[in-house]
Amino acid sequence: MSPLSRREFVAAGVAAGAGLVIGFYLPHKNGSRAETFSPNAYLRITPDNKVTIVVARSEMGQGVRTALPMILAEELEADWKQIEIEQAGASTLFGDQTTGGSASVRTTWDPMRKAGASAREMLISAAALTWGVPRSSCTAENSHIKHAATNRTLSYGELASKAAMLPIPTDVTLKQSKDYKIVGQRLARVDSPAKVKGEAVFGIDFRMPGMKFALLSRCPTIGGKVSSFDDKESKRISGVSYVGKIGDSAVAVVADSVWGAMEGRRVLNIAWDDGPNKDLNTATVMAVLKQAASKKPANLFSAGDAGKAAGRRISAEYELPFMAHAPMEPGNCTAHFQGAKCELWAPTQVPQDCRDSVATAIGLDPDQVKVNVTLMGGGFGRRLEHDYAVEAALVSKAINAPVKVIWTREDDMRFSFYRPASLHQLRATLDGSGFPVALTHRLISPSISGQKGQPTPNGVDPDLPDEAGPVYGIPNYSIDYVLAETPVPLGWMRSVYALQAAFALESFIDELAVAANKDPVQYRLHLLAKDQDLQYFSTTWHTARMRAVLQLAAEKAGWDKPLPAGRYRGIACFGCFASYMAEVVEITMEGDQPRIHRVVAAVDCGQVVNPAILEQQIQGGIVYGLSNALRAKITIEKGRVVQGNFDDYAPLRMEETPTVEVYAATSAESPTGIGEPSVPPVAPALCNAIYAATKKRIRTLPVLKS
């Protein structure tokens, strides 16, 4: 264990009697730490013996409001019932506040533990001083310090103020996993009761006195603008109080009710300037990707020399379409512009970016904009964008009153930021036994970061290191990337590039197993047989951990046992966000369509903080991944997104949802990502099952074409 750096912590005894506060820093994978220490989370112990964690991570269904307190409470030896979490608003005080990339637990594990352990040691010291006894004779348990020799006890609340006056420990001893009492337990989510009772406030629920409602009519053509508009009919609708242009490409209709704003927008007469993309369609985008395939690629990973290997050669090409996040709660934000300040209530994954963009849009300094982070009805990366918040602030400024901007489902589908379409070219050279001695995987795709003007060192999107890593120790192996531009707006979406990479690679490995006439599980185990550490950017992938996960999934699925007549199964494995996943999908065919009965998932994500939340995350990820695989496709015609709602962009229905079994490898390693790693393997596992049933190889998603 490394010593606790004093730069990582700051402590302050607040107003007399107010208890102990410890500030600490929670890193994020994309966050850069300032030279001057800035805590972005706080632990507060008050005289009523309550422990509050002020944390700058957003809750969007992933269970962060339960998992993070569990980590801290474990080291603090706190009474779980006395733990509360407080949502932080946007502030420079909190450093990087981004919630995404399956990073909340994996990047905060050590800081949360150290913060809890530091507070525990300070409370022990405070008790020892109070009683005049050696520290070593005092123990912490259940939010109390005990002195067994004299049978005396003091609560954390009673000791907090004295503890706040003590120096912060320069070194703390963290618990071993065998001693955990809270971590690893199936504790219920702390926010479930409020959600079940309808008391939880999501962005779309928020109300304030005098608030208006607004819907925007946006140019349906990508990159188009408003040419002119006539608001005469809109203003005849009861309750409509304002119609005005917002930016270059939208007109807002403001009313006293949502219905009034919808009706006002419906009758609004707008002439559009379709702009430069009026002839854009899906076919032209895919043609651009195919043309880009011949460009010189950037190399992401290289082992040996794939070009010099000799043997039987097999190649295949895979395609994935644009996809939409499609969260259940569509875009919304409430804004109250008041001249020299503006306050927002936003379901956002990036409160600071939201604040900064709004400030720029309405001509204020960031410190004049306050962002209150609400609960989110799903995020999946869509709320890493904050266009809806900027719209709300602009409308509020225009009418000088509080307003809630609401997107309809169609708005959310047609004016979104999409998962990039991609093309994958894979080639393998096989030895005499049918195993690859060389494999190349060329990804051709637009860059999300590049489109947003962010740095792409050596032409590589910085997200790729987390999401397209190698899992097999093939002696001659290369992964290359070719950037292909598109005007279609792009956004980070759950598992981002990993879904693309896994679908192509794990479908291709299945093709190789078939070509070698070998069992798909045994074929993969052969490629993972040698323990190797594969260095990929800053991540090291261990073939032994992937092999163990693959074996676990196969064993729990009963891979070596015959299936009932008419049932078929496929398998796939993949590593992303530092976790290892393997999944088995079991299907029957109903005509030319698969019916999915069972998915068995095995994961190695290091120490499991809460097994119940782990299962929920994986189950949700698999349902999300199956929805993507079966029907998710955003198409562009004449520069416009065709799909508009869940009738033509349908997620998995309840009656279609399979049984999902989740098994976690036992591990004392630090926790790794879990919100996203279950998504990528399920599409290739499904398509491999379809091949087993039909001998038809699916190389283009979605599976169902209409």
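Me: Which residues form one aromatic cluster?
Reply: In this predicted model, Phe301, Tyr477, Tyr536 and Phe537 form one aromatic cluster.

Me: What makes phenylalanine 301 and tyrosine 536 an aromatic pair, and why is the pair called tilted?
Reply: Their ring centres are 6.3 Å apart, and centres within 6.5 Å pair. The planes stand at 55 degrees; under 30 would be stacked and over 60 edge-to-face, so this pair is tilted. The pair also links distant parts of the chain, with phenylalanine 301 in strand S14 and tyrosine 536 in strand S23, 235 residues apart. Both residues are buried.

Me: Why is the pair of phenylalanine 380 and tyrosine 624 called tilted?
Reply: The planes of their rings meet at 35 degrees, with the centres 4.6 Å apart, so the pair is tilted. Phenylalanine 380 sits in the loop between strand S18 and H8, and tyrosine 624 in helix H15, so parts 244 residues apart in sequence are tied together.

Me: Are phenylalanine 380 and tyrosine 624 buried or exposed?
Reply: Buried means under 20% relative accessible area and exposed over 50%. Phenylalanine 380, at 24%, therefore counts as partly exposed. Tyrosine 624 has 11%, so tyrosine 624 is buried.

Me: How do you know that arginine 218 lies over the face of tryptophan 407?
Reply: The distance to the ring centre is 3.9 Å, and the cut-off is within 6 Å, together with an angle within 35 degrees of the ring normal. Arginine 218 also lies over the face of phenylalanine 415, at 5.8 Å from the ring centre.

Methods: Residues are numbered from 1 along each chain as its sequence is written. This is a predicted model: local features need pLDDT of at least 70, side-chain atom pairs count only at pLDDT 80 or more; totals for chains, interfaces and linings use all residues. Side-chain values use heavy atoms; hydrogens and water are left out. Rings of Phe, Tyr and Trp (its six-membered ring) pair if their centres lie within 6.5 Å; planes under 30 degrees apart count as stacked, over 60 as edge-to-face and the rest as tilted. Helices (H or I, at least four residues) and strands (E, at least two) are DSSP runs, numbered from the N terminus. Buried means under 20% relative accessible area, exposed over 50%, partly exposed in between (1.4 Å probe, protein chains only).
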